[in-house]
Amino acid sequence: MLRLESVVVEYKQRGFLRHRQTVRAVNGVSFSMAQGSTLGIVGESGGGKSTLLKAICRFVPIKSGRIFIDDVAVSSLSPKAFFPYRKKIQMIPQDFYDIFNPKMSVEEILREPLEIHFRNLTEKEKNMQIGTLLTSVELDYSLRQRLPAELSGGQRQRLSIARGLAVNPELLICDEIISACDLFSQKQILSLLTRLNKKKKIAMLFISHNIAAVANFCREIIVMYHGEFVEYGTAEEICTAPRHPYTQLLIDVVSHAAEQKACIAL
Ligand code: ADP
Ligand code: MG
């Protein structure tokens, strides 16, 4: 359902003495995802993961390469022609302050995508839909008048997922969504995503700097380093027999953190 061919994304950055330099954040990336599949992209901060996701959602332009959704080259479509495809792919961003208006209540945040993409719904149907969305991410109905700042980190993250689900997407792109949560919320969110994947057959593109979290949740993993893919395989292959030294490093970081935790627990 999603295919990328040699996608390149560049940023113009202000450098020394206002000299503008070009940074290649994504350097010739290709991969594909089938309907209902789970794929993880792992790599350190600054490696180009968020940029790649933004390019898929058209929040940043691509310099070269092509992006296909359902075999249509969407990267060459006009913004208007792309509109129906926007619904198919929803991104849960790393920083929810990017998408939530802090003055909008939970209910208003969930109403907005319904009003944009399902214009024919009646008020009653929209209210019912909001209730269903809250239930599907296990948020209490009583929270619907709250502002984002009045929710816990885990609740905000689940609201973000509910907002993505509002348009019935075929693919959810999750950018570091568990990184800022405590362990309990992380578990809750991962089991929620697993259920959405299994029951609703929503494909998941799951991004994290933590290879253990990705391996737990995704069948296949891509390792990204400095804007490029350096390794690709099933979660088991990558974790048991990493071929690239950078992958080994990511695994070492996780096992070192686990050892430290064990020491603190002692
Ligand atoms: P990751 O999500 O893996 O941490 P990013 O995609 O956020 O990586 O960043 C990749 C590179 O692109 C970094 O070097 C970052 O500084 C740069 N970058 C990200 N966003 C912008 C932007 N809006 N303008 C200029 N450079 C950017
Ligand atoms: Mg990022």
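This report describes the strands, helices and an aromatic pair of one predicted model.

The model is predicted, so local features need pLDDT of at least 70 and side-chain atom pairs count only at pLDDT 80 or more, while totals for chains, interfaces and linings use all residues. Residues are numbered from 1 along each chain as its sequence is written, chains are lettered from A and ligands numbered from 1 in the order in which they are written, and side-chain values use heavy atoms, with hydrogens and water left out. Helices (H or I, at least four residues) and strands (E, at least two) are DSSP runs, numbered from the N terminus.

Strands of a sheet pair through backbone hydrogen bonds, either parallel or antiparallel. Here two strands are taken to pair if DSSP finds at least two bridges between them.

Leu-39 has Glu-220 as its bridge partner in β9. On pairing with β10, β9 runs in the antiparallel sense, over 6 bridges, and Glu-220 has Thr-234 as its bridge partner in β10. β9 and β10 form a hairpin with 2 residues between them, and His-226 in the turn has a positive phi of about 50 degrees.

Strand β1 (residues 2-14) is joined to strand β4 (residues 64-69) by 5 bridges, the two running antiparallel, and Leu-4 stands opposite Ile-67 in β4. β1 is also joined to β2 by 11 bridges, again antiparallel; the bridge partner of Lys-12 in β2 is Thr-22. The hairpin of β1 and β2 has 5 residues between the strands, and Leu-17 there takes a positive phi near 50 degrees.

Rings of Phe, Tyr and Trp (its six-membered ring) pair if their centres lie within 6.5 Å; planes under 30 degrees apart count as stacked, over 60 as edge-to-face and the rest as tilted. The structure holds 4 aromatic pairs. One of them, Phe-31 with Phe-229, is tilted, at 5.9 Å centre to centre and 50 degrees between the planes. Phe-31 lies in strand β2 (residues 20-33) and Phe-229 in strand β10, so the pair ties together parts that are 198 residues apart in sequence.

## Helix packing

Two packed helices are described by the angle between their axes and the distance between the axes.

| Helix pair | Axes come within | Crossing angle |
|---|---|---|
| α5 (residues 153-165) and α6 (residues 183-199) | 10 Å | roughly 15 degrees |
| α3 (residues 106-117) and α5 | 8 Å | roughly 25 degrees |
| α3 and α4 (residues 123-136) | 10 Å | roughly 120 degrees |

Angles under 35 degrees count as roughly parallel, over 145 as roughly antiparallel, 65 to 115 as roughly perpendicular and the rest as oblique. The angle of roughly 15 degrees makes α5 roughly parallel to α6. Contact means heavy atoms within 4.5 Å. On α5 the contact residues are Gly-154, Gln-157, Arg-158, Ile-161 and Leu-165, and those on α6 include Ile-189 and Leu-192. The residues of this contact divide into 6 nonpolar, 4 polar and 1 charged, where Ala, Val, Leu, Ile, Met, Phe, Trp, Tyr, Cys and Pro count as nonpolar, Asp, Glu, Lys and Arg as charged, and the others, Gly among them, as polar.

The crossing of α3 and α5 comes at roughly 25 degrees, which makes α3 roughly parallel to α5. Leu-159, Ala-162 and Arg-163 of α5 meet Val-106, Ile-109, Leu-110, Glu-112 and Pro-113 of α3. This contact has 6 nonpolar, no polar and 2 charged residues.

Key:
Axes are lines fitted to C-alpha atoms, for helices over the stretch in contact, and angles run from 0 to 180 degrees between N-to-C directions.
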